[in-house]
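Please review the predicted model displayed below, with the sequence at hand. The briefing that follows is grouped by topic.

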Amino acid sequence: MFDIIVLGGGPAGLSAAYSAWKAGAEKILIIERDKELGGILNQCVHNGFGLHYFKEELTGPEYAQRFIEMLKSTNVEVKLDTMVLDVSENKVVSAVNSVDGFMTLEAKAIILAMGCRERTRGAIAIPGDRPAGVYTAGSAQKYLNIDGYMVGKRVLILGSGDIGLIMARRMTLEGAKVLACVEVMPYSGGLNRNIVQCLNDFDIPLYLSHTIVDIQGKERVEKVIVAKVDESRRPINGTEMEFDCDTVLLSVGLIPENELTRGAGIEMDGRTNGAVVFENMETSLEGVFACGNVVHVHDLVDYVTAESARAGEAAAEYVKSGEKNAEIVTVKNGEGVTYTVPQKIRRTDNKFTEVFFRVNRVMADSKINVVSNGEVIATFKREHMAPGEMEKIIIPKKILDSASAEITIETKCEG
Amino acid sequence: MFDVVIIGAGVIGCATAYKLSKYNLKVCVLDKENDVAMGATRANSAIIHAGYDPEPDTLMARLNVDGCAQAKELAKKLSVPYKNVGSMVLAFSDEEAATVQKLYERGVKNGVPDITVLSAEEVFEREPNVSREVVCALWAPSAGIISPWEYAIAFAETANKNGTEFVFDFEVKDIKKEGDVWEISSCDKSVKAKYVINAAGVYSDKIHEMVAEANFEIIPSKGQYYLLDKIEGKKANCTLFQCPSKVGKGVLVSPTVHGNLIVGPDATTSDNRDKVNTTGQQLDFVRNTAGKSVSNINYRNSIRNFAGMRANSNIDDFIIQVAADNFIDLAGIKSPGLSAAPAIADEAIKILASIGAELTEKESYVDSREKVVFKELSAKEKAEVIKKNPLYGRIICRCETITEGEIVDAIHAPIGARTIDGVKRRCNAGMGRCQGGFCGPKVLEIISRELNISPLEVKKDKNGSNVLVSETKEEK
């Protein structure tokens with residue numbers, strides 16, 4: 001019987017396991033499906049990781065390595081090349097690998113840290129032929145940075161998510177011609193620093209409010225037709241542009257990978273595509289916690305690390321003293337807010353509670369209000385907010401104490 | 001020199017090869033592509049129709065009902081995913097209720113077992129997601145769903161075990177006869193045979209015209225589809241048709257054998273027989289039309305769109321005929337061709353016998369197929385297969401839970417996978433919600449290792465569809 005089993009050895013799982021150990025949990029196991037720890041960080045060879053957490057700029061593999069080193073000083077066990085097939089309601093994990101075969105493992109607490117996957121061509125129904133040469137940005141990144149192969153020479157990127165932007169620069173540096181980045185929304189889905197450093201610095205045009213309307217090519221991509229879209233994102237006839245290219249990279253969103261979570265019967269949030277969580281990252285199933293991109297998609301790994309540390313500590317606390325009963329405050333999405341994490345807050349002794357959320361449009365000079373019983377009980381000011389950048393507010397205990405059983409996070413645009 | 005050459009390795013050619021392989025005959029199957037099931041067989045609704053659609057006394061009626069019954073048995077014997085889910089034809093008005101009644105009577109005439117007409121309440125009970133506009137429906141419990149490409153692959157693998165040869169990348173350019181011998185040539189190769197069977201799908205008229213006067217014409221009809229995530233898979237319990245029209249059986253909503261939901265097809269004629277592209281306009285049409293049957297499908301859970309080309313013709317039936325001496329057409333095999341496939345094969349063999357082919361059974365032959373499908377095993381069986389072969393303990397495709405062992409099996413099977421899509425068709429790796437985003441690079445690596453070829457040579461699908469174009473750092 002393990003104290004804690006952590007599903008996933010990427011940044012979330014590593015941080016959660018390390019924090020749980022530090023908080024006193026003893027028998028901890030990380031199960032990782034890949035052949036090494038680190039998750040997607042291993043293929044992110046660019047720098048920019050760790051500015052918040054380590055106060056220095058690291059590459060993805062360096063960031064992962066820091067945690068792998070930290071874990072060496074603990075007794076945390078790791079099973080690599082191992083796939084979890086099922087998590088049951090009573091916290092039994094079924095897993096397989098080629099050495100141990102089929103395993104059933106029990107734990108007092110479980111931390112879900114499976115990360116996310118990329119949206120595909122099929123998910124957004126891009127019409128046209130179905131030749132080779134259409135890849136999600138992350139698959140192309142694996143081929144390039146892990147396996148050492150180029151997937152194409154003339155590239156069009158659909159979607160301005162961060163992986164797509166990073167790949168625009170990376171493919172250019174490896175000698176490919178990146179013709180354009182095309183984004184269906186009127187704003188970019190990626191971080192501003194990536195627009196500047198990955199597109200602008202390499203003179204790669206960004207077409208906002210545009211999309212691919214046709215992919216042509218018999219065996220390999222030969223041509224892509226791009227058109228402007230109207231406000232309801234429908235292509236406008238007569239605005240078509242042709243791009244002669246052999247490759248399309250898709251960076252059209254990430255989806256938390258929650259098949260195991262659903263299988264365990266855990267309550268899901270349709271807006272995050274992740275589990276509904278409390279402030280300590282516990283899910284609706286007692287003793288099962290979730291953290292990182294499996295809960296909601298983060299912009300920066302540093303935030304994943306911090307969130308997962310909270311999950312790890314909470315899991316250790318649960319192993320030690322069991323579930324704490326407390327009144328629950330439900331967090332609702334108000335105007336301009338797409339989702340919040342956590343969705344539920346327990347009234348505990350915590351001095352403050354962090355609430356993360358995303359807005360649904362670009363906003364300047366705005367206010368964020370916490371509303372309870374129709375009254376604003378706290379206000380936070382922001383100069384700039386965008387859907388591509390996760391927002392955070394810190395609600396002090398005093399404010400939460402004054403709130404009813406339901407609070408709403410809303411935004412108000414002043415400008 | 002072969003006794004029989006079959007042109008086309010789709011489900012019709014492969015079913016015929018399978019059924020012929022128990023006889024003492026030297027048989028060869030030719031295909032212009034690099035694998036079996038590369039045409040209509042890999043892109044269709046995947047339905048085993050019950051047989052109430054075709055007009056009575058047509059080949060389609062007889063062979064459909066026969067093929068539907070055979071499919072159930074064959075799928076079991078050959079380890080092909082199949083489910084006997086039944087089908088409904090939904091009526092949304094009194095006029096359509098009359099059509100349903102007509103289909104019922106036709107079904108009875110065609111010998112379709114156990115069909116009935118269900119009241120609206122009975123429909124809603126079986127299908128809670130169906131539109132409340134439905135007034136009644138035809139219910140055909142014998143209909144089923146199948147993996148069409150696995151059906152063809154299973155036929156081909158088993159035929160191959162019995163000695164049938166398969167030659168790929170062989171595009172027939174010319175067919176000549178010298179004495180009693182047919183000579184079939186591509187650009188650079190030729191084979192000889194006593195009998196030829198034309199199962200060339202959308203090109204069956206072109207092949208026919210190499211040996212005889214044209215007496216039919218293929219009018220290719222393209223159909224486009226949505227395939228949705230398993231989350232949507234329970235929106236239909238059986239195959240839901242709308243009332244048929246002149247252009248076909250219309251847009252259906254159906255579960256698939258893999259647990260997904262399939263929605264489609266439309267029908268548009270096409271002058272390019274190979275161009276199976278999808279279009280925004282027609283995908284909209286498919287969605288909107290399907291909405292009439294089931295309105296709560298969430299298309300954000302779409303995982304793939306595809307289109308297939310059906311070998312429709314100007315004849316209102318399958319074209320099964322002796323086109324020239326010792327040359328048989330299995331042509332114009334439109335819907336319900338997949339359902340009728342094994343019966344069409346029997347028909348071909350009957351004709352072969354009637355024109356003098358000597359059909360003596362082999363002393364021993366294989367007529368079944370087994371394969372490991374890891375995720376369907378019990379915990380104990382899982383442990384056992386991993387003990388026997390540790391590769392079954394490594395999951396490569398996380399969405400569909402496909403192991404390295406199954407992928408290696410697919411590559412080393414009798415007609416083994418050579419491409420990423422070939423692996424997908426044989427064991428389902430890459431068929432799930434991430435569409436090979438995660439497992440694609442791993443499958444590529446396994447193909448490269450098992451076939452001892454450079455990763456640069458590994459193809460996604462047809463020749464020329466290479467996944468990688470160069471190494472990042474060329475060695476000096």
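Gln65(A) counts as partly exposed, because 16 C-beta neighbours lie inside 10 Å; a residue is buried with 20 or more other C-beta atoms within 10 Å of its own, exposed with 12 or fewer, and partly exposed in between, with C-beta atoms placed from the backbone. Gln65(A) belongs to helix α2 (residues 60-72) of chain A; helices (H or I, at least four residues) and strands (E, at least two) are DSSP runs, numbered from the N terminus. Between the C-alpha atoms of Gln65(A) and Asp100(A), 35 residues apart along the chain, the separation is 26 Å.

This is a predicted model, in which local features need pLDDT of at least 70 and side-chain atom pairs count only at pLDDT 80 or more, while totals for chains, interfaces and linings use all residues. Residues are numbered from 1 along each chain as its sequence is written, and chains are lettered from A and ligands numbered from 1 in the order in which they are written.

**Domains of chain A**

- Chain A is divided into domain 1 (2-117 + 255-324), domain 2 (120-252) and domain 3 (332-413), with bounds that come from an automatic or database domain assignment.
- The C-alpha centres of domain 2 of chain A and domain 3 of chain A are 34 Å apart.
- Five residues from domain 2 of chain A and five residues from domain 3 of chain A make up the contact; two residues are in contact if their C-beta atoms, placed from the backbone, lie within 7 Å.
- On the side of domain 2 of chain A that touches domain 3 of chain A, two residues are nonpolar, three are polar and none is charged. Here Ala, Val, Leu, Ile, Met, Phe, Trp, Tyr, Cys and Pro count as nonpolar, Asp, Glu, Lys and Arg as charged, and the others, Gly among them, as polar.

**Interface between chains A and B**

- In this interface, 38 residues of chain A are in contact with 43 residues of chain B.
- Elements that give two or more residues to the side of chain A that touches chain B include β8 (101-112), α4 (137-147) and β11 (149-150) of chain A.
- α4(A) gives the most to that side of chain A, with six residues.
- The side of chain A that touches chain B comprises 15 nonpolar, eleven polar and twelve charged residues.
- β11(A) and strand β23 (residues 470-471) of chain B run antiparallel and are joined by two bridges; strands pair if DSSP finds at least two bridges between them.
- Tyr149(A) has Glu471(B) in β23(B) opposite to it.

**Nonpolar cores**

- The largest nonpolar core has 137 residues, and those touching the most other members are Ile4(A), Val6(A), Ala17(A), Ile111(A), Phe289(A), Ala315(A) and Ile407(B). Such a core is a set of buried Ala, Val, Leu, Ile, Met, Phe, Trp, Tyr and Cys residues joined through C-beta atoms within 7 Å.
- Helix α8 (residues 301-321) of chain A supplies the largest share of this core, eight residues.
- Apart from this core lies another, of 127 residues, including Tyr82(B) and Phe241(B).
- Leaving aside neighbours within four places in sequence, the contacts of Ile4(A) include Ala20(A), Lys108(A), Ile111(A) and Val319(A).

**Sheets and strand pairs**

- An open sheet of three strands in chain A has the order β24-β26-β29, with antiparallel pairing.
- β24 (337-341) and β29 (391-396) of chain A each have a single partner strand and stand at the edges, so one side of each is left without a neighbour in the sheet.
- Strand β26 (residues 352-359) of chain A is joined to β29(A) by six bridges, and Thr353(A) stands opposite Ile395(A) in β29(A).
- All nine of the nine residues of strand β18 (residues 302-310) of chain B are buried, so β18(B) is largely enclosed by the rest of the structure.
- Strand β13 (residues 221-228) of chain B pairs with β18(B) in the antiparallel sense over eight bridges, and Leu227(B) stands opposite Arg304(B).

**Backbone features**

- Most residues other than glycine have a negative phi, and most peptide bonds are trans.
- Val341(A) and Pro342(A) are joined by a cis peptide bond, with omega about 5 degrees.
- Ser335(B) and Pro336(B) are likewise joined by a cis peptide bond, with omega about 5 degrees.
- Asp203(A), which is not a glycine, has a positive phi of about 55 degrees; Asp203(A) is exposed, with 8 other C-beta atoms within 10 Å.
- Asp169(B) has a positive phi near 55 degrees and is partly exposed, with 16 other C-beta atoms within 10 Å.
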